[in-house]
Amino acid sequence: MKRTFDTRWPRAILLCCLTLPLLILARPAAAEPGITSPATGAAVMGAVTIRGTATIDNFQRYELYLIPDGPLLQRIWLTTVERVVVDGPLFTWFTPPYPDGRYSLQLRLVTQSGDYRDYYTSSIYLVNQATIHATATAAALTATALPPGTTPEPTAVPTATATPTTTATPLAATTVLTITEPLPGVALRGMVTIRGTANVTGQLSYQLHLGLDNGEGFDLLRALSGTVSSGVLGVWNTRRWPDGIYALRLRVHLRSGEVREMLVSDFETVNEAPLPVPTPTATPVLAGPGIYGPRSEQTVSGQVRIWGWASGPGFERFDLHVARAGSEEWLWLTSSSQPIERNTLALWDTGRYAAGRYDLRLRLVFPDGNYDEYRMPGIVVVR
C-alpha cells in the first residue's frame, strides 16, 4: 500500500514562523506618558484641547493642573479622570477666565497605591486679550482709513461687530483664585492671617484647607458662602499643629456643581524652635542676589523648590539653568522678568534627570547684555 504525506501542515508552520516576527516588528511603539499638545512655547487662546497619554502601571486616575508663572507657587486644579487615555484628548481648557501670561501644565498619574509621577509642559502663552486688542485695533484702522463722507461697504460690517466687546474680559476680572499671604518659604509662628481672593464666576462658596506639603491629610480651616476679593480668607492657628512644612488649598464650589481649587506649598511652622538670633554672617547669605536653596551637598528628589533672590538695580530678567556637576552643558529651567526676593525662583522636576550631582546657575541679565552670575554647586539628586 502506498503512503501519502500531507505537506500542508509543515507549510503552514513555516509560514507562521516567517510572518510572526514581521507582525511583532510592525506593532507600533507604545505612546509615552505625558502632554503632547499644547507644546512648550505654544501660544493658545479660547478653548484648548490638551492632548497626551495618561497611563501607568496599576493606574487609578490622572489629574491635570495649571501653574501660572510668577514668584508664588500656585497650582490650579483643572480635572481628575479615572480612565486611561492613550494619545488622545485629556481635557478641554476654557482659557478666557484666566489672565493672559505664561503658564505650565502638570499631568499627574496616580497608582492604586497612591504613588504618582508628574509630567510637565512649560512656557505656554495665553493670548486671549492680545488677540482681542489686535482685532479692535484693526477695526479702528479700517474705519479711519475711509475718506471723509464715505459710507462703509457692507463687507466692512463684520469688523465693526460686537466681537471685541463681547469678550471674556469681565470673566477675567471675576475669575481669580489666589493666596497672597503668607509667602512660601517664610517661617511662621502663632496666629497667621491668610489673605487672597476667592472670586469665580458662578461661585457659591469657598473652603480653605490645611494639609501636609505632600498633598495629603487636609483639614478644613474655614468654609464661607459668597466670595472674597483681596481680603482675609481665614486665620491659621499654627500652634494647633506640630512644627513642619504644610500646604494651603483654596477650593471653590460653583452653581454648576464644578469644583475648582489651587494649592500653595512650602509653609513652615517653627513654634517649638527658638527665635533666630541674627548673626553678622547670616545677613549677606539671605540679603542679596543668589540661590538660597537647595544647598550644596543637599540630597533632593522629585519636585524641588529652587528659591533665592533675583533682582537688583537695572535688572531686566533672570535665567536659571542646571548642569551636571563640573560641566558647562547648561539646560534651561526658567526665565522671568519678575523681580524675586527670598522666594521661589522655579520648580525643578528632578525626576527627569538621572541620579547624580548637579550645579545650578542663576544669571541676572541687564539691558546692555551684561549679567551677574551666581551658582550653587554639588546638589545630589537621588531616585
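Colleague: Why does Glu 261 count as buried?

Modeller: Glu 261 has a relative accessibility of 11%. Buried means under 20% relative accessible area, exposed means over 50%, and partly exposed lies in between (1.4 Å probe, protein chains only). Since 11% is under 20%, Glu 261 goes into the buried class.

Colleague: And what kind of model is this?

Modeller: This is a predicted model, in which local features need pLDDT of at least 70 and side-chain atom pairs count only at pLDDT 80 or more, while totals for chains, interfaces and linings use all residues. Residues are numbered from 1 along each chain as its sequence is written, and side-chain values use heavy atoms, with hydrogens and water left out.

Colleague: What makes the link between Glu 261 and Arg 251 a salt bridge?

Modeller: The closest N and O atoms of Glu 261 and Arg 251 are 2.7 Å apart. A salt bridge needs a side-chain nitrogen of Lys or Arg within 4 Å of a carboxyl oxygen of Asp or Glu. Because 2.7 Å is within 4 Å, the pair qualifies. Glu 261 is in strand β16 (residues 259-269) and Arg 251 is in strand β15 (residues 244-254), ten residues apart. Strands (E, at least two residues) and helices (H or I, at least four) are DSSP runs, numbered from the N terminus.

Colleague: Why does Arg 251 count as partly exposed?

Modeller: Arg 251 has 21% relative accessibility.

Colleague: How many salt bridges does a search of the whole structure find?

Modeller: The search finds twelve. Another pair is Glu 297 with Arg 357, whose closest N and O atoms are 2.8 Å apart. Glu 297 is in the loop between β17 and β18 (299-300), while Arg 357 is in strand β23 (residues 356-365), 60 residues apart. There is also a network of salt bridges, which links Glu 328, Arg 363, Glu 373 and Arg 375.

Colleague: Why is Gly 88 called buried?

Modeller: The relative accessible area of Gly 88 is 6%, which is under 20%, so Gly 88 is buried. Gly 88 is found in strand β6.

Colleague: Which residues is Gly 88 in contact with, leaving aside its neighbours within four places in sequence?

Modeller: They are Ile 50, Arg 51 and Gly 52, where contact means heavy atoms within 4.5 Å. The C-alpha atoms of Gly 88 and Arg 51 are separated by 5.3 Å, although these residues are 37 apart along the chain.

Colleague: How do you know that β1 and β3 pair?

Modeller: Two strands pair if DSSP finds at least two bridges between them. β1 and β3 (residues 47-54) have three bridges, so they pair, in the antiparallel sense. An open sheet is formed by three strands in the order β1-β3-β6, with β1 (34-37) and β6 (85-94) as the edge strands.

Colleague: What makes β19 and β22 a pair?

Modeller: β19 and β22 share seven bridges, and at least two are needed, so they pair, again in the antiparallel sense. Trp 307 has Thr 344 in β22 as its bridge partner. β22 is also mostly covered, with seven of its ten residues buried. The order of this open sheet is β17-β19-β22.

Colleague: Why does Val 235 count as partly exposed?

Modeller: Val 235 has 45% relative accessibility, which lies between 20% and 50%, so partly exposed is the class. Val 235 is in strand β14 (residues 228-237).

Colleague: And how much of the whole protein is buried?

Modeller: Buried residues make up 40% of the 383 residues. The protein has four helices and 24 strands.
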